[in-house]
Amino acid sequence: MIEFHNVTKRYEGGFEALSNVSLKLDDGDMAFLTGHSGAGKSTLLKIIALIEKPTRGQALLNRINLNNLARHRVPYIRRNIGIIFQDHQLLFDRPVFDNVALPLQIQGYRPQEIAKRTRAALDKVGLLNKEKSLPITLSGGEQQRVGIARAVVHKPMLLLADEPTGNLDPVLSREIMEIFVDFNQVGVTVLVASHDLGLIEELDKPRITLNNGQLILNDLADTEQEAYSGWK
Amino acid sequence: MAGSNVRRDRPATSNRISAYLLHHLKSLLFSLDKIYQAPTTTIMTVAVIGITLSLPGGFYLFLKNIDAISGDFRSSSQISLYLGLDVSDKKARALEKQITEMADVTSTRFISRESSLEEFRQNSGFGKSIDTLSSNPLPHTIIVEPVEGDTFMVRNLLNTLEAMPEVDIAKLDTEWLERLYTIIEIAKRSVIIVTILFAFAVLLIIGNTIRLDIQNRYQEIIVTKLIGATDAFIRRPFLYGGIWYGLLGGIISWLIVEIGYLAIAGPLDRLNLLYQSDMNLITFSFHDFIILITSSTLLGLAGSWIAVARHLNQIEPT
């Protein structure tokens, strides 16, 4: 699903957010991306989400090279990804239902289909009764669940989450993480950036740890090495 | 998962086409709703557009009226023939008959020296002074009405008539009209210049409004881009916004001009009475209305297109 080959990202001004990172996340895998803040977690996710481009090295998503993708193809690649943000990024001028339905509208689903899938996604995060509420009236945990519903409503192959529990208390955090595990169990590839080490320990999933832009721990390393040698 | 970017259950093409049309409708209504949600901004923008467009619109109508009035004059261009003072009454009447029979002439009217003098005595206020004259200084006059035709034909006729020995002076009454036409032509070009300038102003107004609109919805644009919206999808509501501004502005400008003309209609009636004329004010025809509305709508679309092209591409998630 995701392959990084010696990916380096250097921002303008010389700051190197990622240095020579190689990793591989297979279809159906779930992994946690950890590290202190500024370690390069967000940059790594941004490269996958086509927000940033690698300065050096190669990043592949579903064997598509993300380094030099034509601008007009970007939206179509992004439709395979569901992104969950720490600050939810909900649109506060419209109700929950419209927020969650947005990816389906963008992809041109029919209204009946949109209604069906949106309600299914809301049901999965336990917010079916809130579909008419405005996001501002919801609690932080509920808002994050709306964000998750929006990220999964179009059944993406890959789910990316950037500090999804950053603003939540431990109980809510656990609930959110368990939702991700549920999605992984039905075949969605999941990559979650988090520094909630206690929770990650409990969930017992592979970890990828970054420190100052360098990969210092990779529980997926075996498969990665394999792929890497095969690749050469 | 084999296919590189094959979607697992992508909507069928036919569904996607109807969804595409549906999104157009949705954007149209969405942008209308945005306008409805922010009435003050909308009213101000639309009013500015309306006032701006009402100026060229008003000028256009003014010219249309002038054109209609001068058209009446043109169709009644006459040639006045002043005969020599030595031409007798009998000879003059014979000449009139001869001219009436000419191919390019519709009708003639004979004004004898005596009746000219009488008319002059009554209307000029110089009655007493005229009485002191020993002889009548006014010649016999024949008013010739040419058949309708081009200027060239009328000029030819004028030359033929002027060459006649009995005719002292032949005068075409259209010389002042030609001057008027030249002035109208200058005015017409000025209106074109004014229209271009004001159309440009409308373009800028709408462009700026849409630019602000884009800035206000910065977050929404970022989010929809991250979700996989194409540029066209994001562009659509803004373009419809521009169309609405243009359309409403056009309607306002039409109203302004119509009200303005109603205000003029009263005094004009009095003027008609004073001049015993029957000038009728022409307002926008249905055709004019359609052109006004269409062009203002297109200006709206163009203005928003420029704003969207300039600013939307700069907004990328970071």
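Reader: Hello! How does the lining of the largest pocket divide by class, into nonpolar, polar and charged residues?
Author: Welcome! This is a predicted model, and the residues around its largest pocket are sorted here by class. The lining has 8 nonpolar, 5 polar and 8 charged residues.

Reader: What is the volume of that largest pocket, and which residues are closest to its centre?
Author: The largest pocket has a volume of about 480 Å³. In total, 21 residues line this pocket, and they come from both chain A and chain B, judging by those closest to the centre. These closest residues are A:R94, A:Q105, B:K26, B:F30 and B:E220.

Reader: Which element gives the largest share of the lining of the largest pocket?
Author: Four helices each supply at least two residues of this lining: α3 of chain A, and α1 (13-37), α8 and α9 (231-275) of chain B. The largest share among the elements is 7 residues, and it comes from α1(B).

Reader: Which element gives the most to the lining of the largest cavity?
Author: The lining is made up of A:I81, A:G82, A:I83, A:F85, A:R150, A:A151, A:H154, B:L226 and B:I227; by class, these are 6 nonpolar, 2 polar and 1 charged. At least two residues each come from β6 (81-84) and α5 (140-152) of chain A and from α8 (218-227) of chain B. The one that gives the most, with 3 residues, is β6(A).

Reader: What area is buried between chain A and chain B, and which residues of chain A lose the most area to chain B?
Author: Contact joins 36 residues of chain A to 34 residues of chain B. The area buried between chain A and chain B is about 3,200 Å², with carbon and sulfur atoms giving 52% of it. On the side of chain A, 18% of what is buried comes from the three residues that lose the most: A:R71, A:R78 and A:I106.

Reader: With which residue does A:R71 form a salt bridge?
Author: Side chains of opposite charge can pair when their charged atoms come close. Across the interface of chain A and chain B there are 3 salt bridges. One of them has its closest N and O atoms 3.0 Å apart, and there A:R71 is paired with B:E316.

Reader: Which elements give two or more residues to the side of chain A that touches chain B?
Author: Between the two chains, 7 residue pairs are in polar contact. The side of chain A that touches chain B has 16 nonpolar, 7 polar and 13 charged residues. The elements of chain A that give two or more residues to this side are α2 (74-78), α3 (96-106) and α4 (111-124).

Reader: Within chain A, how far apart in sequence are the parts tied together by A:E52 and A:K9?
Author: Over all chains the count comes to 22 salt bridges, and A:E52 with A:K9 is one of the pairs, the closest N and O atoms being 3.5 Å apart. A:E52 is in the loop between α1 (41-48) and β4 (56-61), whereas A:K9 is in strand β1 (residues 2-10), so the pair ties together parts whose separation in sequence is 43 residues.

Reader: Where does A:N20 lie?
Author: Most residues other than glycine have a negative phi. A:N20 is not a glycine, yet its phi is positive, about 50 degrees. Its place in chain A is strand β2 (residues 16-25).

How values were computed. Residues numbered from 1 in each chain as written. Chains lettered and ligands numbered in written order. Predicted model: local features only at pLDDT ≥ 70, side-chain atom pairs only at ≥ 80, totals over all residues. Heavy atoms only, no water. 1 Å grid on protein atoms, 1.4 Å probe; cavity = no way out; pocket = protein on both sides within 12 Å on 5 of 7 lines; lining within 4 Å. Nonpolar A, V, L, I, M, F, W, Y, C, P; charged D, E, K, R; others polar. Contact = heavy atoms within 4.5 Å. Buried area = accessible area lost by both parts, 1.4 Å probe. Salt bridge = Lys/Arg side-chain N within 4 Å of Asp/Glu carboxyl O. Polar contact = N/O pair within 3.5 Å; in protein donor to acceptor, adjacent residues only side chain to side chain. Points joined across faces, edges and corners; volume = space filled by probe spheres on them.
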